[in-house]
Amino acid sequence: MKAFLNFAGIKLLYEKSDEWKFGLRRVGTLVAAKNERQAQKLGFLKRAGELNGLKGLEILDAKGVKVIEPAVEGVQAALYSPEGGVIDIMEYIARLKAHASMEGAVLAAGREVTSISVSEEFPSVSLSTGERLKSRYIVNSAGLHSDDVAAMVGSIYTVYPCVGEYAYVTDPQSSLVRGMIYPVVDEGYPGLGVHLTRTFDGQLQVGPTSVYGEGKDQVKWRRTPLNAFVEAVRTFLPEVDSDDVHEGWHGVRVKTVGPGSGRSFGDFVMEWDTHGFPVIHLVGIESPGFTSSLAIGSYVASMIRKKDDENR
Ligand SMILES: Cc1cc2nc3c(=O)[nH]c(=O)nc-3n(C[C@H](O)[C@H](O)[C@H](O)COP(=O)(O)OP(=O)(O)OC[C@H]3O[C@@H](n4cnc5c(N)ncnc54)[C@H](O)[C@@H]3O)c2cc1C
């Protein structure tokens, strides 16, 4: 489900960026192998990408890598995807909100859902402001709190918070990277690895880390020392100094596989409530949930249309 929606989501984002006029640039992605053991995994990654519909994947030798990313050092081989892109996130979200409003959506941002009632003809949510909103269906897309919202109708999901921290490389060193450079990570690592991204606004972002948290309260989570980011950058860009790297933002992933499971990722869970209530639960929408967002929206809309047809 995740691979399918990611692929469909990328296609939709490129289409909509023209139609809705938000910033999206194809910059290309490299998955860079630093040694023979890592290089041997590239063929498998290429086949997996192709099976999921990605076009134009290529395995590059060290010389080929230099053509794409001239400043990068010490890479033996890399898997290159020309489709990788960076987006103007704020512009995209602003367009989504504007289009939702135009289609008649009522946006109630900053108000917490405290309970759900499914006992009347139409289900309703009660908000922290005391308001109650009724609808034909409820879609629980509460991210890290999707398990708490599901519990409001008696449905049990387990999610594992996993912190991702970033750092930034300052100018002029930020221009050493043109696109995105990922490391090859070991099986079971709970993320894609600390990678380098030249963001839409030209910053060089390093991260995210993947550290399972003890709870959902972000304040308690330990911080990765800045030096770990410096080391991650220097594996590809040895000329970067520790003074060139400074702390960035951090966020919390919602994973459905926990520490010690031996698995890196679970699939997206997108399903009707098992009690038969008119509620859809979206759980474990971790990365690439953002890239997949338009495809996730269409998939949920198709679930609702199907239910409407069944109820007719
Ligand atoms: C560090 C990090 C890096 C990432 N990088 C990428 C990336 O490069 N590419 C990519 O595609 N994805 C990435 N992701 C994943 C992406 O951010 C998520 O997949 C996406 O945000 C999921 O969207 P969502 O709407 O399901 O959940 P969220 O974005 O978490 O939104 C859930 C919303 O529900 C609200 N909420 C929670 N409880 C309640 C309640 N009781 N009442 C009302 N509202 C509530 C929350 O406040 C929040 O606004 C990254 C995530 C992290 C943490």
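Which glycine just after H5 takes a positive phi? The residue is glycine 104, and its phi is about 100 degrees. Before we go further, please keep in mind that this is a predicted model, in which local features need pLDDT of at least 70, side-chain atom pairs count only at pLDDT 80 or more, and totals for chains, interfaces and linings use all residues. Residues are numbered from 1 along each chain as its sequence is written.

Helix H5 itself covers residues 89-102, which makes 14 residues. Helices (H or I, at least four residues) and strands (E, at least two) are DSSP runs, numbered from the N terminus. From its first C-alpha to its last, H5 reaches 20 Å, close to the 20 Å expected at 1.5 Å a residue; that expected span is 1.5 Å times one less than the number of residues.

Let us step back to the chain. It is divided into domain 1 (29-83) and domain 2 (90-159 + 266-311), with bounds that come from an automatic or database domain assignment. The centres of domain 1 and domain 2, taken over C-alpha atoms, are separated by 37 Å.

Now look at strand S10, residues 160-169. Of its 10 residues, 7 are buried, so the strand is mostly covered. Here a residue is buried if 20 or more other C-beta atoms lie within 10 Å of its own, exposed if 12 or fewer, and partly exposed in between, with C-beta atoms placed from the backbone. S10 has several partners, where two strands pair if DSSP finds at least two bridges between them. With S15 it runs antiparallel, joined by 9 bridges, and cysteine 162 has arginine 253 in S15 as its bridge partner. S10 also pairs with strand S14 (residues 211-212) in the antiparallel sense over 2 bridges; there valine 163 stands opposite valine 211. Strand S13 (residues 204-207) is antiparallel to S10 as well, through 3 bridges, and alanine 167 faces valine 206 across that pairing. In a regular strand the side chains alternate between the two faces of the sheet.

S15 brings us to the ligand. This strand, residues 245-255, supplies 3 residues, the largest share of the shell around the ligand. The ligand is surrounded by 21 residues, and the closest are Gly143, Gly164, Gly251, Gly289 and Phe290; a residue is near a molecule if its C-beta atom, placed from the backbone, lies within 6 Å of it. The shell divides into 10 nonpolar, 8 polar and 3 charged residues. In this division Ala, Val, Leu, Ile, Met, Phe, Trp, Tyr, Cys and Pro count as nonpolar, Asp, Glu, Lys and Arg as charged, and the others, Gly among them, as polar.

Glycine 28 sits in the loop between S1 and S2, and glycine 84 in the loop between strand S4 (77-81) and strand S5 (85-87). Although they are 56 residues apart along the chain, their C-alpha atoms are separated by 4.4 Å. Glycine 84 counts as buried because it has 20 C-beta neighbours inside 10 Å, whereas glycine 28 counts as partly exposed because it has 18. Leaving aside neighbours within four places in sequence, glycine 28 is in contact with Ile68, Tyr80, Ser81, Pro82, Gly84 and Gly179, where contact means that the C-beta atoms, placed from the backbone, lie within 7 Å.

Alanine 33 lies in strand S2 (residues 29-33). Why is alanine 33 buried? The reason is that 23 other C-beta atoms lie within 10 Å of alanine 33. Not counting residues up to four places away in sequence, alanine 33 touches, among others, Leu42, Val75, Ala77 and Val184.

Finally, a few backbone details. Most residues other than glycine have a negative phi, and most peptide bonds are trans. Lysine 21 has a positive phi of about 60 degrees although it is not a glycine; this residue is in the loop between helix H1 (2-20) and strand S1 (24-26). Lysine 21 is exposed because 9 other C-beta atoms lie within 10 Å. The peptide bond from aspartate 171 to proline 172 is cis, with omega near 0 degrees, and proline 172 belongs to the loop between S10 and strand S11 (180-183). The bond from serine 287 to proline 288 is also cis, with omega near 10 degrees; proline 288 lies in the loop between strand S17 (279-283) and helix H8 (293-311).

Key: Two residues are in contact if their C-beta atoms, placed from the backbone, lie within 7 Å.
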